[in-house]
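Dear colleague,

I am handing over the structure below, together with an account of what was found in it. Please read the notes with the coordinates open beside you.

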Amino acid sequence: MKFKETILRNKFMTKSKLLQMHNVGIVVESLDKAISFFTEIGLKLEGRAMVEGEWAGRVTGLGDQSVEIAMMVTPDGHSRLELSRFLNPAAVSDHRTAPVNSLGYLRIMFTVDNIDELVSRLTRHGAEIVGEVVQYEDIYRLCYIRGTEGLLIGLAEQLGNKTAADILENS
């Protein structure tokens, strides 16, 4: 299609609407360990697959690639975490131990119903608390942990009926 035809076609197209956030992707070294860790948090394995070939490389810009993925889903079925292990090309950089004020993707946060019990369970599986569990007003108890492979994970336990949205609306 010629450039001028593309402009004319786009001029008359309706604006796309965001329907939902489908998933967040994290690249890991061990898919099995990552699945086990996120299962311990409460996500469920939705499925595993190989994503490979020239078509996939055209999406990512990496050329011919071979990636093993696992899709994890939250208990409510609304949010997903895509875990990826690159076989080819190999991972090229590692920012898993970057501090929380680093640019770019840094952490994923989960709402849990008992932060103390979950932290206790996750530390038995090798996770480390970054700072400490703290209470923010009468709304949340929060902490960051370094989970499998040093991934930064936030945990939040809601204490009452207020949420972060209540605070943001009032500021």
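Predicted model: local features only at pLDDT ≥ 70, side-chain atom pairs only at ≥ 80, totals over all residues.

The largest pocket itself has a volume of about 540 Å³, and of the 24 residues that line it, Val27, Val28, Ala91, Ser93 and His95 are the closest to its centre. The elements that supply two or more residues to this lining are β1, which spans residues 23–27, and β4. Sorted by class, the lining of the largest pocket consists of 14 nonpolar, four polar and six charged residues.

The second largest pocket holds about 260 Å³ of space, and its lining is made up of 17 residues, among which Ile41, Met109, Phe110, Thr111 and Val112 lie nearest the centre. At least two lining residues come from each of β5 (107–112), α4 (115–124) and β8 (140–146), with β5 giving the most, four residues. The classes here divide into ten nonpolar, four polar and three charged residues.

Turning to the strands, β5 also pairs with β9, the two running parallel and being joined by six bridges; within this pairing, Arg107 has Leu152 of β9 as its bridge partner. On β8, the pairing with β9 is antiparallel and extends over seven bridges, and there Tyr144 is partnered with Gly154 of β9. The strands β8 and β9 form a hairpin with five residues between them, and in the turn Glu149 has a positive phi of about 60°.

How many of the seven residues of β9 are buried? Six of them are, and β9 (residues 152–158) is therefore largely enclosed by the rest of the structure.

The largest nonpolar core comprises 26 residues, of which Phe38, Ile41, Leu83, Phe110, Ile153 and Leu155 touch the most other members. Two or more residues of this core come from each of α2 (31–41), β3, β4, β5, α4, β8 and β9, and α2 provides the largest share, six residues. As general background, nonpolar side chains in soluble globular proteins tend to be buried together.

The side chain of Glu157 reaches the backbone nitrogen of Ile115 at 2.9 Å.

Asp76, for its part, sits in the loop between β3 (65–73) and β4 (80–88). The side chain of Asp76 makes a polar contact of 2.6 Å with the side chain of Thr74, while a polar atom of the Asp76 side chain also lies 2.9 Å from the backbone nitrogen of His78. Along the chain Asp76 and Leu43 are 33 residues apart, and their C-alpha atoms are separated by 9.5 Å.

With kind regards

Terms used
Residues numbered from 1 in each chain as written. Heavy atoms only, no water. Polar contact = N/O pair within 3.5 Å; in protein donor to acceptor, adjacent residues only side chain to side chain. 1 Å grid on protein atoms, 1.4 Å probe; cavity = no way out; pocket = protein on both sides within 12 Å on 5 of 7 lines; lining within 4 Å. Points joined across faces, edges and corners; volume = space filled by probe spheres on them. Nonpolar A, V, L, I, M, F, W, Y, C, P; charged D, E, K, R; others polar. Buried < 20%, exposed > 50% of the residue type's maximum accessible area, 1.4 Å probe, protein only. Pairing = 2+ DSSP bridges. Core = buried A, V, L, I, M, F, W, Y, C linked by side-chain atoms within 4.5 Å.
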